[in-house]
Amino acid sequence: MKPGFLEKLIGRLGRIGPEEVQNYLLRLAQEKGFLETIFNSIQEGIIVTDSNGRITYLNDAACEIFGVNGENAIGKPLGEQVRGLDWKALSQSNSALSRDMEIFYPANRFINFYVVPLLIEHRSASDRPNESLAEVVGHAMILRDITEDRRSAQQTIESERLSALTLLAAGVAHEIGNPLNSLHIHLQLMERKVKKLPAAEEKRELEESIEIARAEINRLDSIVSQFLRAIRPSKPQLQREDINAIVEESLRFFQPEIKDREIVVETELRSDLPPIALDRDQIKQVFYNAIKNSFEAMKRRGILRIRTDRDDSHVIVTVTDTGAGISPENLSRVFEPYFTTKSGGSGLGLLIVRRIIREHGGELALESKEGKGLTLTIRLPILDHRVRMLPEKAEG
């Protein structure tokens with residue numbers, strides 16, 4: 001605002017007629033309505049406060065981001081409307097500043113906000129007529145949703161970590177494979193020499209030891225091969241499959257452990273689910289990991305609930321247990337390689353599960369409260385639903 005503008009306007013009020021004042025007010029109201037229409041049509045949130053931090057204006061995007069009612073918020077301190085925002089500290093600066101924050105209500109989002117002070121200049125009353133003083137009369141806050149940018153960056157980091165992990169795993173598997181091959185060859189040589197020995201108790205003991213050693217070598221070779229397939233899953237071989245049948249098959253596999261741990265299993269499998277495109281073996285691996293994690297979290301005599309459902313575009317599988325749950329701090333790290341809260345865990349299970357689900361074009365989500373169990377939600381796209389038109393936003 002130009003220096004002395006208000007002083008000049010006030011000085012002219014006595015010479016302005018009532019009709020001219022009415023015209024000015026009408027024009028100001030029209031311009032205010034025009035600006036509000038523009039501000040409400042943009043995606044960025046805008047909040048304006050007075051010098052005391054009370055909200056004087058906020059647009060529709062800001063109301064949506066923070067889950068506040070626009071009319072009720074006017075005149076109230078911004079710090080009260082947005083819990084956790086240290087507005088007093090942010091408004092101390094007389095220069096623009098930018099920060100990032102994470103909000104959890106009404107939805108979990110990452111927001112970048114830009115705060116700039118609103119200044120009004122007054123001409124100095126001193127002997128220096130060209131000198132002006134600036135007064136902070138409020139602040140403007142501009143909000144931008146950077147959730148997708150954050151998630152994209154996080155996925156890139158995870159992909160790089162997983163690539164490094166895969167490279168390391170391949171190197172370790174190769175180094176283990178060489179001595180395994182050598183052991184296998186030497187066992188064959190030993191077996192040939194043992195066969196030339198005269199039949200005796202010692203010969204039978206040696207042959208038995210060789211068979212045990214060969215079985216253990218084969219088992220170790222199988223473990224290495226399975227580990228490589230898990231950490232570097234092949235491209236899914238998609239077939240039309242019944243997700244309910246795979247859930248039931250997975251539960252049958254764990255039936256002895258369910259009985260031993262005295263686990264109560266409750267299933268609610270929707271009967272009219274369409275067949276979906278998936279790799280049966282990989283999705284079974286997902287369910288094995290999910291069920292195994294639930295068992296280990298509950299120890300004994302817990303309740304495992306598995307439910308299948310659908311919406312317009314996805315089949316949804318939820319696995320809920322009554323275990324110890326995961327703290328908020330650990331929940332944010334469960335997909336990190338080698339991070340585990342279990343003493344004997346590898347820290348790779350959920351990482352592998354999420355990778356398989358993403359390879360199927362699906363989504364994976366975890367919800368947990370410490371001491372109240374955990375819910376794992378899997379969303380897999382419906383086979384014949386390639387395109388989904390999004391509903392138009394209602395005009396208001």
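The model is predicted, so local features need pLDDT of at least 70 and side-chain atom pairs count only at pLDDT 80 or more, while totals for chains, interfaces and linings use all residues. Residues are numbered from 1 along each chain as its sequence is written, and side-chain values use heavy atoms, with hydrogens and water left out.

Q: Why is Ile42 called partly exposed?
A: Buried means under 20% relative accessible area, exposed over 50%, and partly exposed in between (1.4 Å probe, protein chains only). Ile42 has a relative accessible area of 30%, so the label is partly exposed. Ile42 lies in the loop between α2 (18-41) and β1 (45-50).

Q: What span is expected of helix α11, and what does the helix reach?
A: The expected span is 1.5 Å times one less than the number of residues. Helix α11 (residues 280-298) has 19 residues, and its reach of 27 Å from first C-alpha to last is close to the expected 27 Å. Helices are DSSP runs of H or I with at least four residues, and strands are runs of E with at least two, numbered from the N terminus. Among the buried residues of α11 are Ile283, Phe287 and Ile291. Just after α11, Lys299 takes a positive phi of about 65°.

Q: What makes β7 and β9 paired strands?
A: Two strands pair if DSSP finds at least two bridges between them. Six bridges join β7 (residues 264-269) to β9 (residues 303-310), and the two run parallel. Val264 stands opposite Ile303 in β9.

Q: How do β9 and β10 pair, parallel or antiparallel?
A: β9 and β10 (residues 314-321) pair in the antiparallel sense over seven bridges. A hairpin of three residues joins β9 to β10.
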